[in-house]
Amino acid sequence: MLEIIDLHASINGKEILKGINLTVREGEVHALMGQNGAGKSTLSNVIVGHPSYTVTQGQILFNGKDLLALSPDERAHEGIFLSFQQPVEIPGVSMVNFMRAALNARRKYQGLDPMAAGDFLKLMREKRKIVELDNKLASRSVNEGFSGGEKKRNEIFQMAMLEPRLSILDETDSGLDVDALRVVAEGFNKLRTPETSAIVITHYQRLLDYLKPDVVHVLMNGRIVRTDGPQLALEIEKRGFDWIREEL
Amino acid sequence: MQSSQQYIDLFRQSASLIDRHSAPAMNALRAAAFDDFVRLGFPTTKEERYKYTDVASLFAPDYGLNLGRIDIPVNPYDAFRCDVPNLSTSLFFVVNDVFCSRFLPKASLPEGVLVGSLCEAAVRYPSLVERCYGHLASSGEDGITALNTMLAQDGLLVYVPKGVQVERPVQVVNILRADVDLMVNRRVLIVVEEDAAIKLLFCDHAADDRRFLTTQVTEAFVGERASLDLYCLEETHAKNTRLSNLYIRQEASSHVCHNAITLMGGTTRNRTDLVFCGENASCDMGGCVVADHTQHVDNNVLIDHRVGRCSSNVLYKYVLDHEATGAFAGRVLVRPEAQQTTSVERNQNICATRQARMYTQPMLEIYADDVKCSHGSTVGQIDEAALFYMQQRGISRQEAQLLLKFAFVGEVIDTMKLEPLQDRLHHLVEKRFRGELGRCEGCRLCK
Amino acid sequence: MEEKNSYIRQVADKKYEYGFTTDIHTDIIEKGLSEEVVHLISQKKGEPQWLLDFRLRAYRHWTTLEAPTWGHLQMPEVDYQAISYYADPTARKGDDTGKEIDPELMKTFDKLGIPLEERLALSGLAVDAVMDSVSVKTTFREKLHEKGIIFCSISEAVREHPDLVRRYLGSVVPYKDNFYAALNSAVFSDGSFVYIPKGVRCPMELSTYFRINARGTGQFERTLIVCDDDAYVSYLEGCTAPMRDENQLHAAIVEIVVCDNAEVKYSTVQNWYPGDAEGRGGVLNLVTKRGLLRGRNSRLSWTQVETGSAITWKYPSCVLQGDGSQAEFYSVAVTNHHQQADTGTKMIHLGANTRSTIISKGISAGKSQNSYRGLVRIAPTAEGARNYSSCDSLLLGSHCGAHTFPYMDVRNDSAVVEHEATTSKISEDQLFYCNQRGIPTEDAVGLIVNGYAKDVLNKLPMEFAVEAQKLLGVSLEGSVG
């Protein structure tokens, strides 16, 4: 599904990613771990096409398509969803309008007509339940005045609405208490199908307890230095990252 | 000074003609206004309040004036159909500066409420008009007000007697209609007595593709515990010049909500002076401007806190595209007696192109110590982080920009207290941003 | 309430601490201004022809101008013919060469607490002291000379470094700039000149003390600072004047040129005589200060603590010409009694990715009027320019005024300009909290005001920060009413 080949990327002239190779197949959940500054968020931002990053070398293929040639919204239409580490507040734009615009843009890309207003609101209601999101949130502006937990739940809610094929969760667990984490993780699990995949960026095992990754990667200084099964995450939880560095 | 000379000559030659087609209460102030105008001339950009609009050059073209009050045939209903859904208003028309008495709303206004020709009212109710006319709009310190007072022959009177609450909003459509380039000097008098309330919506339209220049001087008296909502929407065209001077006086515990929305126009200059004369009064003043091409929009606001315990809240937002220029100057004056004043003033602007230019000048002038005042002003562009977030959700960059611009000015529209009107304006603004003609459906006025 | 009033009286009675006159022999020329006087000043200073020509052009231009009236100020009528335009306290009869320092003058500086000689060594300051119009002594010359740094009076610079002076004088503030700039350009008598050569970090703070002494004189000093590529300097300016019943005129110019990657910090503590409690006398402080950030990534910061003068009219400004240049303006302006201040800055963004920050704190007490006036202009060429302005006013007492007049003019769609301002009275809750902890009201005010002004005071070099804090206290103690 996703194939990253020798990816180099930089921001403000500083190289952060120094040759990433990563393949994610249908139905797989990959965990991406590593210390701060290793390049985890950079990788997720480059996949979705953040304008601040420049790809200097390498390729990203998504179902065979050259992702780097697409604009961020086109990548979204292809089915890539990023749950942001710090979702931005957009005052004055209501969640309803925002989601309608997003969903209908996708439908247009797929050659479908816009969704009827009634159907859309029904869909909103259904999907909201998945993450136990308050009815009132829908009428509020995007992320404005949301607590940290509400913002993350709102991200998963949007994921539910847009039904992506590849989800990237960028430290979705940060700033969440145990209950909120459970709600978010269970919401995510409900959305999983054999056709969807995910990349989960985290520092901690506790999110992975819920999400059960198939593969765990360790990112260090812009490269994937170790790839293994779920037990790697448990080992990191116990021993930290230094032993990996020493082994290199 | 040359352009002012032709109006000085005009008045000298036509004073008796002007008087003949107006009312004594209005004629009474002309001589003094003329002297003021001779002394002041048109404001220059050296004057602090006219820094950003070169008024004299606006008067340089040759305009006709209808001093002889020749009837201009027009059936406003032929031209205008306002279809704000769910908004049922009492609809009146003013063509140039003439109140259309042939086309009145079917539903009648509450007992004692007057909406009609100022000139006729000045004859029928001389004491009411004399008591108010020219009392707020001093011709001694503003050349435009002087010119208007000297030349205005008619306009509109809105009168709400003591204790009367006018439930249904009153909508007044100003239609500019002429076969030649035309100057209109319109005068509006609004009197809302104690415990009375009214919501007024003024819509400016130009029916002909001619140059129009309108000076409009509005005086609004808001009595104790009274409430006035005054919404002014301008949707004219690039050849139109609007010079509006609005003077509002608020008595104790009164409330005013005023919004000036400029969607289409050539040159727009709104001067708004509001004075608090009684305690515990409040005002919400807003404006939103969507300007493109060579449009010029200048809002100049003075809030004069003369007494204590009043609160003012000012919010103006501009979105400037192409080579449009915008100016906002808001002066909040808190006099020594005005203790416990609260005042918030905000002006936020987006310049969408390199050629667009924004001047902003939020001023606080404070002589009392027990006050809470703040102002803020920003000029910038659309938030990149928000744009990217929306793109990640599959919304195209262009669409995301539209949504954000729309949300940006939406904040001003949401301060209005007529929900159907809010919806309508949201719709109009969205259309305006999409580059479609920002006009009401079914309206054939805006070409 | 009564208690507070009695305190106000105490403060009103408080004397201006620096208000003594010095009995020094001074060479004052006849009052009045004419081409002859300009010739005379130039001749007394033995100036070259080009400088005389510069002065004459400025004088002729000045005669066509009128004093600006746009400030929020009640300006007394100034009779420019009743002022003497040159006073030299070092001149001795029949002795042109002896420019030694008069012992009386040294006493004056002692009274001012200016450590002119050995005390300087301890505090690490190099001082140029300008009394009335003439620079009296510049310390630490030798040490600076080793590094190639030039720090001397501007008259000396005209003699010793004519090419530098000629190249930069009037290049940032042209004589046509405004009424007071034209006046200064015609009659300036002295001031400081600083040149920091390429790549040199000036190892100590450079400092100038200004003092107006002689009666009926004006002070028209001129400061020129040129900081070459990759160089750095921090410059301090202090001002005092004796108590006089009449107004004294001070119309100075400061010009700063900052080259590639260079950095200049300019700090002022202005404590000219503010006039008495009834508003008699005091200095009219009408100053044009401007820096040109000519080089790429150049930096300039203005920091000012303004507590003195009857009238302050000054807008230290920055022209951000070099790409990536950064400018800052930090100001605390305190007014009490009948003082009037109209001060602020101009940030003119010309270069790409230029940044400016404005932090202004106004404090008004008594019957004073305190205005912030600032302009932020983003030119079409200033791609990616940023400005942030924050202007706060604090009111102590119900007879004073605090005003904010920001002007913003934005002509580039990639610019972001933000302005915030608040005005409020000193918090009763804060005062009460202090009182409850046993701090008397007058101390609490000083404490709160110092806290309020902290963002700016922190920008001052250590030596000045202490003095500035004391000044705030002296100017404001107990002005709550």
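Biologist: Where does C:Asn353 lie?

Modeller: First, the ground rules: this is a predicted model, in which local features need pLDDT of at least 70, side-chain atom pairs count only at pLDDT 80 or more, and totals for chains, interfaces and linings use all residues. Residues are numbered from 1 along each chain as its sequence is written, chains are lettered from A and ligands numbered from 1 in the order written, and side-chain values use heavy atoms, without hydrogens and water. Strands (E, at least two residues) and helices (H or I, at least four) are DSSP runs, numbered from the N terminus. C:Asn353 sits in chain C, in the loop between strand 18 (340–349) and strand 19 (355–365).

Biologist: Is C:Asn353 buried, partly exposed or exposed?

Modeller: Buried means under 20% relative accessible area, exposed means over 50%, and partly exposed is in between (1.4 Å probe, protein chains only). C:Asn353 has a relative accessible area of 46%, so C:Asn353 is partly exposed.

Biologist: What distance separates the C-alpha atoms of C:Asn353 and C:Lys454?

Modeller: C:Asn353 and C:Lys454 are 101 residues apart along the chain. Their C-alpha atoms are separated by 28 Å.

Biologist: What is the phi of C:Asp230?

Modeller: Most residues other than glycine have a negative phi. C:Asp230 is found in the loop between strand 8 (222–227) and strand 9 (232–240) of chain C. C:Asp230 counts as partly exposed because its relative accessibility is 44%. This residue is not a glycine, yet its phi is positive, about 60°.

Biologist: What about B:His322: what is its phi?

Modeller: B:His322 lies in a loop of chain B, between strand 16 (311–320) and strand 17 (325–334). Its relative accessibility is 32%, so B:His322 counts as partly exposed. B:His322 is a residue other than glycine with a positive phi, near 50°.

Biologist: Which residue is the bridge partner of C:Val258 in strand 13 of chain C?

Modeller: Two strands pair if DSSP finds at least two bridges between them. Strand 11 of chain C runs parallel to strand 8 of chain C, joined by six bridges, and C:Val226 stands opposite C:Val257. Strand 11 also pairs in the parallel sense with strand 13 (residues 282–293) of chain C, over six bridges. There, the partner of C:Val258 is C:Leu293.

Biologist: Which strands stand at the edges in the sheet of chain A?

Modeller: Four strands of chain A form an open sheet in the order 2-1-4-5, with antiparallel pairing. Each edge strand has a single partner, so one side of each is left without a neighbour; these are strand 2 (14–24) and strand 5 (65–66).

Biologist: Which residue of strand 2 of chain A is the bridge partner of A:His8?

Modeller: Strand 1 (residues 2–11) and strand 2 of chain A run antiparallel, joined by eight bridges. The partner of A:His8 is A:Lys18.

Biologist: How many salt bridges does a search of the whole structure find?

Modeller: A salt bridge is a side-chain nitrogen of Lys or Arg within 4 Å of a carboxyl oxygen of Asp or Glu. Over all chains, the number found is 54.

Biologist: How far apart are the closest N and O atoms of A:Arg226 and A:Glu247?

Modeller: These two side chains form a salt bridge, with the closest N and O atoms 2.6 Å apart. A:Arg226 is in strand 12 (residues 223–228) and A:Glu247 in helix 9 (residues 242–247) of chain A, so the pair ties together parts that are 21 residues apart in sequence. A:Arg226 is partly exposed at 26%, whereas A:Glu247 is exposed at 52%. The distance asked for is 2.6 Å.

Biologist: Is B:Glu365 buried or exposed?

Modeller: B:Glu365 meets B:Arg331 in a salt bridge of 2.7 Å, N to O. The pair links strand 17 of chain B with strand 19 (residues 357–366) of chain B, 34 residues apart. B:Arg331 counts as partly exposed at 28%. B:Glu365 has 6% relative accessibility, so B:Glu365 counts as buried.
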